[in-house]
Amino acid sequence: MLEALIFDLDGTLADTEETHRQAFNAAFIEAELWWDWSPPLYARLLAVSGGKERLRHYIGTLRVPAAERERLLHLVPALHDTKTRIYTELLVRGQRPFRPGVLPLLRAARDAGLKLAIASTTTSANVSALLQANLGAAPGIGFDVVACGDQVAQKKPAPDIYRLVLGSLRLAAETCIAFEDSVNGLRAAKAAGLATVVTPSRWTAAGDFAGADLVLPSLEGLDLARLGRLLGEAHASA
């Protein structure tokens, strides 16, 4: 029996990655680094889960002396804090909307008595900003569990975040469905034993989602009856 829906945040609930990219670039300017993460570069960097991890990976690719690389690595926490502040400001002003089909599915799940959860690699501040921007006028839709990347030892594609959510919900993986948009997210959800629906974003459309139980352009028109059948089929074939 389907008991809960577990959602990734960035790219799944809302296409926030362009806002993240702009916030990173603005943070670089504030720090007088003058780096520029173009859309093609940022798409490649998304293969690394987590903002701080993405920064460290990027610094590792720079052709700079060892002492300068060490200096830049020490800047990562403050740089990420600046980026988070700017991202929140951009989000509040821009009201980045949920992707098509997300809000109706959340409402249907709540009406049916299902639990809702978020399993994200982003920070809690980013999660709060997005939910406030989109659900401030819909107080009846709340999440039972919100798990963020800073709560686990390893980020996606490791299954840690999904195992944390399942433990917090006190539910077995066989009763839940995960929603993702990226290959790393899909791998994390499947490693935790979850049936997984993938709705690729423009940033992740080139990924290999062969392991997904269902791949759709969006959640528009997806109903709980179909999800219930999907859950049964996924675990019957396991």
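Predicted model: local features only at pLDDT ≥ 70, side-chain atom pairs only at ≥ 80, totals over all residues.
Ten aromatic pairs are present in the structure. In one of them, Phe7 and Phe179 are stacked, with ring centres 4.5 Å apart and an angle of 10° between the planes. Because Phe7 belongs to strand 1 whereas Phe179 belongs to strand 4 (residues 176-180), this pair ties together parts that are 172 residues apart in sequence. Phe7 and Phe179 are buried. An edge-to-face arrangement is found for Phe28 and Trp37, with 5.0 Å from centre to centre and 70° between the planes, and both of these residues are likewise buried.

Beyond the residues up to four places away in sequence, Leu13 touches Phe7 and Asp8, together with Phe98, Arg99, Val102, Ile118 and Phe143. The relative accessible area of Leu13 is 0%, and the residue is therefore classed as buried, the cut-off being under 20%. The C-alpha atoms of Leu13 and Pro97 lie 8.6 Å apart in space, although 84 residues separate the two in sequence.

The largest pocket has a volume of about 630 Å³. Two or more lining residues are contributed by each of helix 1, helix 2 (39-45), helix 3 (51-61), helix 4 (66-94) and helix 8 (183-191), and helix 3 gives the most, with five residues. The lining comprises 36 residues in total, and those nearest the centre of the pocket are Leu46, Ser49, Gly50, Arg54 and Thr121. When the lining is divided by class, 16 residues are polar, 13 are charged and seven are nonpolar.

His80 is located in helix 4, and because its relative accessibility is 5%, His80 counts as buried. Apart from neighbours within four places in sequence, the contacts of His80 are with Gly51, Lys52, Leu55 and Thr123. Helix 6, which runs over residues 124-135, contains twelve residues and spans 16 Å from its first C-alpha to its last, close to the 16 Å expected at 1.5 Å a residue. Its buried residues are Asn126, Val127, Ala129, Leu130, Leu131, Ala133, Asn134 and Leu135. In an α-helix there are 3.6 residues a turn, so residues three or four places apart point the same way.

Several features of the backbone were also noted. The peptide bond that leads from Lys156 to Pro157 is cis, with omega near 20°, and Pro157 is situated in the loop between strand 3 (145-147) and helix 7 (160-169). Positive phi values occur at Glu32, where phi is about 60° although the residue is not a glycine, and at Arg170, also a residue other than glycine, where phi is near 60°. Glu32 lies in the loop between helix 1 and helix 2, while Arg170 occupies the loop between helix 7 and strand 4. With a relative accessibility of 62%, Glu32 counts as exposed, and Arg170, at 78%, is likewise counted as exposed.

Conventions:
Residues numbered from 1 in each chain as written. Heavy atoms only, no water. Buried < 20%, exposed > 50% of the residue type's maximum accessible area, 1.4 Å probe, protein only. Contact = heavy atoms within 4.5 Å. 1 Å grid on protein atoms, 1.4 Å probe; cavity = no way out; pocket = protein on both sides within 12 Å on 5 of 7 lines; lining within 4 Å. Points joined across faces, edges and corners; volume = space filled by probe spheres on them. Helix = DSSP H or I, 4+ residues; strand = E, 2+ residues; numbered from the N terminus. Nonpolar A, V, L, I, M, F, W, Y, C, P; charged D, E, K, R; others polar. Expected span 1.5 Å × (residues − 1). Phe/Tyr/Trp six-rings, centres within 6.5 Å; stacked < 30°, edge-to-face > 60°.
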